[in-house]
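Good morning, and thank you for coming. Please look at the structure on the screen while I go through a few of its features.

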Amino acid sequence: MTLSNLEIAALAGVGIFCAITIKRHYCGFGPFGPMHGFGPWSHGPWRGYGYGPMLGYGGSCGPMRGHGPMGYKNGFRSASYRFDQLNLVGKTPLTHDVDHYTFALASSDKPSTQIPITAPVLLKMPTGEARPFTPIYNSDKDYLHFAIKNYNRSASGALSKMPIGSSGVSITGPLPHIDLQNTEGKFKQVYLIGAGAGITPLWSFLTSSLNKSDSQTKLKLIYSNHSKEDIIFKEEIDELKMKYPNRLDVVHVLSEADYEANYTGRLNPEILKNEIDYVGPDAKVLVSGPPQFISMVAGTKRGPPFAQGQLGGALREIGFTKDQVVKF
Ligand SMILES: Cc1cc2nc3c(=O)[nH]c(=O)nc-3n(C[C@H](O)[C@H](O)[C@H](O)COP(=O)(O)OP(=O)(O)OC[C@H]3O[C@@H](n4cnc5c(N)ncnc54)[C@H](O)[C@@H]3O)c2cc1C
């Protein structure tokens with residue numbers, strides 16, 4: 001699952017394609033249809049996801065923005081495709097298998113560290129494997145922050161072994177994503193439904209929204225984990241609940257019985273029906289987790305990570321429409 005020189009060269013070529021609107025919410029590429037893997041990418045490093053990296057988006061359309069390195073004005077280079085080298089400057093444990101990684105851009109000609117909220121980037125490891133990860137904040141002008149789970153496998157395993165000060169990781173992006181930048185204050189109620197390390201895009205939205213002092217948006221985080229020890233940002237969540245008692249509500253669903261659990265067992269449609277009481281047009285739902293989790297909550301995603309598929313699952317039964325739901 002490595003990026004060969006040929007693939008990198010092909011990726012640069014992808015940037016000449018102009019993004020056109022295929023559907024109201026999506027961008028697509030010329031003859032390839034909406035969000036479809038193409039060229040060497042359909043069997044390239046992203047084949048596990050059924051699509052190519054699709055960087056080099058030339059433009060944006062509607063809420064689904066294609067902020068590739070060639071499209072995002074404050075992105076990682078405007079004129080040519082490339083990975084930028086990162087220095088690993090910090091690593092602190094968040095749970096027993098998730099660490100907070102802090103990276104600085106190595107180049108003095110620095111592109112921006114301020115990735116649009118909820119947008120993933122592609123990190124390439126010294127071993128050559130590249131995987132998408134979602135920065136957890138975009139408010140730091142100097143550093144990039146990630147919460148990354150160690151699966152003791154290819155990319156996450158390689159990253160976990162890197163010493164502080166090493167410079168073998170490189171970055172490109174942001175990858176195509178549904179644009180939620182500057183929308184945090186526009187909703188009356190946002191439900192953030194996540195499982196495990198899937199919290200990363202939800203966290204960037206949640207902290208960004210709460211930090212906006214003029215926003216009155218109410219947020220409800222419904223967070224599913226195996227045990228209390230697996231809850232990422234546990235202390236921060238508790239602090240934010242205390243700080244914003246009228247804006248933030250948190251529901252913990254834990255497989256293992258624990259006094260911290262609002263529900264014991266796996267998240268299921270009955271819990272969601274119990275916890276979601278507002279489906280008005282100014283309600284939004286963000287869902288992030290493994291594929292089976294997303295299917296149960298909101299219906300199966302089809303295609304690349306930013307493709308949405310039809311709305312299904314519990315949220316459809318509750319009464320939401322497709323436009324109200326974002327699946328990560
Ligand atoms: C848009 C997007 C954003 C993401 N953001 C983040 C993020 O912010 N933080 C984060 O931690 N991850 C994130 N991920 C997941 C990340 O990209 C990688 O998939 C993850 O780190 C695993 O990569 P790997 O190379 O370590 O494992 P791979 O070798 O690619 O293995 C991946 C799969 O194998 C499974 N697996 C693990 N161990 C075993 C085993 N022993 N036997 C069989 N299967 C196993 C895992 O469940 C995983 O599904 C994101 C994914 C996407 C698509």
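Is Asn 152 buried or exposed? Asn 152 is exposed, because 10 other C-beta atoms lie within 10 Å. By definition, a residue is buried if 20 or more other C-beta atoms lie within 10 Å of its own, exposed if 12 or fewer, and partly exposed in between, with C-beta atoms placed from the backbone.

Two remarks on the source. This is a predicted model, in which local features need pLDDT of at least 70 and side-chain atom pairs count only at pLDDT 80 or more, while totals for chains, interfaces and linings use all residues. Residues are numbered from 1 along each chain as its sequence is written.

Asn 152 sits in the loop between strand 10 and helix 2. Helices (H or I, at least four residues) and strands (E, at least two) are DSSP runs, numbered from the N terminus. The phi of Asn 152 is near 55 degrees, a positive value in a residue other than glycine. Phe 233, also not a glycine, has a positive phi of about 65 degrees. The loop that holds Phe 233 runs between strand 14 (218-225) and helix 4 (234-243). Phe 233 counts as buried, because it has 23 C-beta neighbours inside 10 Å.

Let us turn to the ligand. It is surrounded by 20 residues, and the closest are Arg 153, Ser 154, Ala 155, Ser 156 and Thr 200; a residue counts as near if its C-beta atom, placed from the backbone, lies within 6 Å. Strand 9 (130-133), strand 10 (143-149) and helix 2 (154-160) each give two or more residues to this shell. At least three residues of the shell come from each of domain 1 (5-178) and domain 2 (184-327), with bounds taken from an automatic or database domain assignment.

Next, the interior. In soluble globular proteins, nonpolar side chains tend to be buried together. The largest nonpolar core here has 67 residues, and Leu 192, Leu 286, Val 287 and Val 297 have the most contacts inside it. Such a core is a set of buried Ala, Val, Leu, Ile, Met, Phe, Trp, Tyr and Cys residues joined through C-beta atoms within 7 Å.

Finally, Leu 286 stands opposite Val 326 in strand 18. Strand 18 and strand 17 (residues 283-288) pair in the parallel sense over three bridges; pairing requires that DSSP finds at least two bridges between two strands. Six strands form this open sheet, in the order 16-15-14-13-17-18.
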